Every structure is written in structure tokens, then in C-alpha cells.
Amino acid sequence: MEASWLAETPHRRRNALTGEWVLVSPHRARRPWQGLVESIPAETRPAYDPTCYLCPGNARAGGRRNPPYTETFVFDNDFAALQPDAPEAHWTADGLLEAHAERGICRVVCFSPRHDLTLAEMEVAAIRRVVDVWTEQYRELGARPEIRYVQIFENKGELMGCSNPHPHGQIWAQETIPNEPRKECHQQQAYFERTGRTLLADYLALELRLDQRIVCANDHFVALVPFWAVWPFETLVISRRPVPSLLELTDAERDGLADLLKRLLVRYDNLFQISFPYSAGFHQAPTDGRPHPEWHLHLHVYPPLLRSATIRKFMVGYEMLGMPQRDLTPEMAAARLRALSEVHYRMQPAS
């Protein structure tokens, strides 16, 4: 059992993956809320929208036309943040200013041809196809000699800046390792050199033993609220077997990942009876041509909602100038998510 005072006393928690800290203030969860209350976007959408630039057969914003795709579809982003033909250039000034050109490739992954679905509402078999596409894209892009990191992610919902409700995610592949995976690189490598085991293998074993922050699990993956969670209902999905990337997953493990994603994302939707917004993404081994036995495949899910469908968590003031802070403890968040049904609220019988 963990120390009982963690549930009542303000304290700091260390993020083992990054080495950074988060301030937890459990007593503040009882404070009244008089701040911004968000409006709930309409959830009714057609299966096909003739005005959607991601639906099959439609013209995209950049002028190209989608094929009449019937399953997961990938294309190069028409307005990519990175370009493969950027020049090799750098600039410095007096040891204080520094800039480097960055090459890369950005792609869009349409999860389904249906405009009205989300991953939470797709069948597990269809999600498995998405897992296969993520894996194929990681393999293809990571094999390019100039690409050293492949970031697979999804922004879902207007609150997370998603400009199109069609179910889709993105992949940005670039020359250098971005800031967040780089922090995890350092922590995981130091732990592996010290113990000969992956950091997340030992962390997962500890969480399974404590059994306070587990949300759901199957034979191959576990979803939990990390001890150091920053966002109110943040979760971490960890492979039970310590593999460095999606490439090493067996067929059974890919099935397990699809199953766990479905079960977790349905819980999110059921929490406030809405299509739950979030940003989510895989962290996995860099594609720099070196072995990375220290890396352990995992998925971060960062949802912004705090108390209800209309109240969100803001990262402002102290969080921007000091360190992240949360009121709801990770243990309370895990208990709420764990207690939810795995049958989507839209499929539940009326009471």
C-alpha cells in the first residue's frame, strides 16, 4: 500500500519517464468552479459528408481528390509542417542563437471511411487494421536514412484543436528526436544501463502489484493512470512484453492493442456521456539505425476535461511558469475510469 497521506496532503510526484515533477493538491478537488464552461459540440454526423475533405471520393483542401477508400487510408499531408526537401542548413550567433533546417514527412491516417465514427465506436477488427497501418507507416518512414523519429498521434475533438471530425490521426517523421521522446530516451537508457531491464517493465510490475491505478488490461497490454499524471484523466497504455516499437508486436499482441484501445476509449466516452476529446500518441524507439533495448512501447492519452463535459483543465499561470499541477489524484481518476462500463453509452439500453 502507498502512503495514505498522498490522498489529502499537497505533494510532488516525480515522472520516472522524464525526470520532471508534478504538484498534486488533493484538497483543491473540493473547490467550487466559477470559471469557463465549454459548450458541447453536436455529435450527430452523417456516415458520409460531401463537404468533408477526408471522406472517400471528396476533394481535399489542397486540391487532390481522395480515392473511394473502404478501409484505413493514408496520404501525405497537403499542408505539412515538415518537408522532405528542406535544405541542409544551420545558423548560429554568438553562442546564444541557433537554428537548424529540419527535414521530414507528415501524413494523415483516416481511420475509417465513415465520417460518423471514432476509434471508440469502431469494431475491434477495424481498429486492428489501424494498428497494422500505424506499424507499416513506422516501418516505411523509419527506414528512410534521414528519418530518426516517427511520431504517431491523434488529436480528437474541437477542444484539442481538431479541425475536422472525420476519424483520423497524423504521423510526423523527422530528422531529429523531438523534446518529449528525447527526455524519455535519457531516463530509459539510464535505467536500462543500471538494471538491465526496461524502466516501464519494472514500473508496470509495480503498478500491477499495487493495483490502485489500473484502468483495464488484457493478456498483452495494460491501461493505467500513471502515478505522475498531469491531465485529470490521463492514461498510459503499456505493452506487457518489453518491445521497443510496434514492429516487434506479434499478431496476438496487435489484436490485444486493438482490444485495449476500444475498451479504454469507450470508458472515456462513457465518463461524461460525450465523444471524449483527447490527444494521444505512441512513444517508441527512434529509427536512427541503432539498437534500443531500453525502449518500451507505450501510448500516452491526454484528455483535457476535468469535472464534466463542459469544464476543462487549463495549463496556465503556475503550470506555465512553475510546474504542472493537478487536483484530482491519479488514484481517484483511475477508480472513476475503472468503474465505467465497456459498452458504449450510445449502445446501452435506455433506463
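K183 and E180 sit 3 residues apart in helix 2, so about one helical turn separates them. An α-helix has 3.6 residues a turn, so residues three or four places apart point the same way. In this predicted model, the two side chains form a salt bridge, and the closest N and O atoms are 2.9 Å apart. K183 is partly exposed, with a relative accessible area of 24%. E180 is also partly exposed, at 39%.

That pair belongs to a wider set. How many salt bridges does a search of the whole structure find? The search finds 29. Let me describe a few of them.

One of them joins E140 and R107, whose side chains meet at 3.0 Å, N to O. E140 belongs to helix 1 and R107 to strand 6, so this pair ties together parts that are 33 residues apart in sequence. Are these two residues buried or exposed, or something in between? E140 is partly exposed, with a relative accessible area of 42%. R107, at 11% relative accessibility, counts as buried.

A further salt bridge brings the side chains of D202 and R197 together, at 2.8 Å from N to O. D202 has a relative accessibility of 21% and counts as partly exposed. R197 is partly exposed as well, with a value of 42%. There is also a network of salt bridges, which links E2, R13, E207, R213 and E331.

I turn now to helix 1, where E140 is located. This helix covers residues 124-142. Its 19 residues should span 27 Å at 1.5 Å a residue, and the end C-alpha atoms are 26 Å apart, which agrees. Which residues of helix 1 are buried? They are I127, R128, V130, V131, D132, V133, W134, T135, Q137, Y138, L141 and G142.

What do these buried residues pack against? Their partners are strand 3 (73-76), strand 6 (104-110), strand 7 (149-156), strand 8 (168-174), helix 4 (251-272) and strand 12 (278-283). Strand 6, as you will recall, is the element that holds R107.

Leaving aside residues up to four places away in sequence, T135 touches L246, L247 and R254.

Helix 3 is the next element. It runs over residues 199-210, which makes 12 residues. From its first C-alpha to its last it reaches 17 Å, close to the 16 Å expected at 1.5 Å a residue. The buried residues in helix 3 are L199, L200, Y203, L204 and E207. Why do they lie on the same side of helix 3? They cover an arc of only 120° around the axis, and this puts them on one and the same side. One of these buried residues, E207, is also a member of the salt-bridge network described above.

The cover over the buried residues of helix 3 comes from several elements. Among them are helix 2 (179-195), strand 9 (214-217), strand 10 (221-224), strand 11 (235-239) and strand 13 (298-302). Helix 2 is where K183 and E180 are found.

What follows helix 3? The next residue is D211, whose phi is positive, near 55°. D211 has its place in the loop between helix 3 and strand 9, and its positive phi occurs in a residue other than glycine.

D94 shows a phi near 55° too, again a positive value in a residue other than glycine. D94 is located in the loop between strand 4 (90-93) and strand 5 (97-100). With a relative accessibility of 79%, D94 counts as exposed.

Finally, I come to a feature of the surface. Which residues form a nonpolar patch there? They are F314, V316, M320 and L321, and together they have about 450 Å² of accessible area. F314 is found in the loop between strand 15 (311-312) and helix 5 (318-321). Its relative accessible area is 31%, so F314 is partly exposed.

Definitions and conventions:
Residues are numbered from 1 along each chain as its sequence is written. This is a predicted model: local features need pLDDT of at least 70, side-chain atom pairs count only at pLDDT 80 or more; totals for chains, interfaces and linings use all residues. Side-chain values use heavy atoms; hydrogens and water are left out. Helices (H or I, at least four residues) and strands (E, at least two) are DSSP runs, numbered from the N terminus. The expected span of a helix is 1.5 Å times one less than its number of residues. Buried means under 20% relative accessible area, exposed over 50%, partly exposed in between (1.4 Å probe, protein chains only). The arc is that of the directions from the helix axis to the C-beta atoms. Contact means heavy atoms within 4.5 Å. Patches are made of residues with over 30% relative accessible area and no salt bridge: like charges are joined within 9 Å, nonpolar side chains (Val, Leu, Ile, Met, Phe, Trp, Tyr) within 5 Å. Accessible areas come from the Shrake-Rupley method with a 1.4 Å probe; for residues, only the protein chains shown count as cover. A salt bridge is a side-chain nitrogen of Lys or Arg within 4 Å of a carboxyl oxygen of Asp or Glu.
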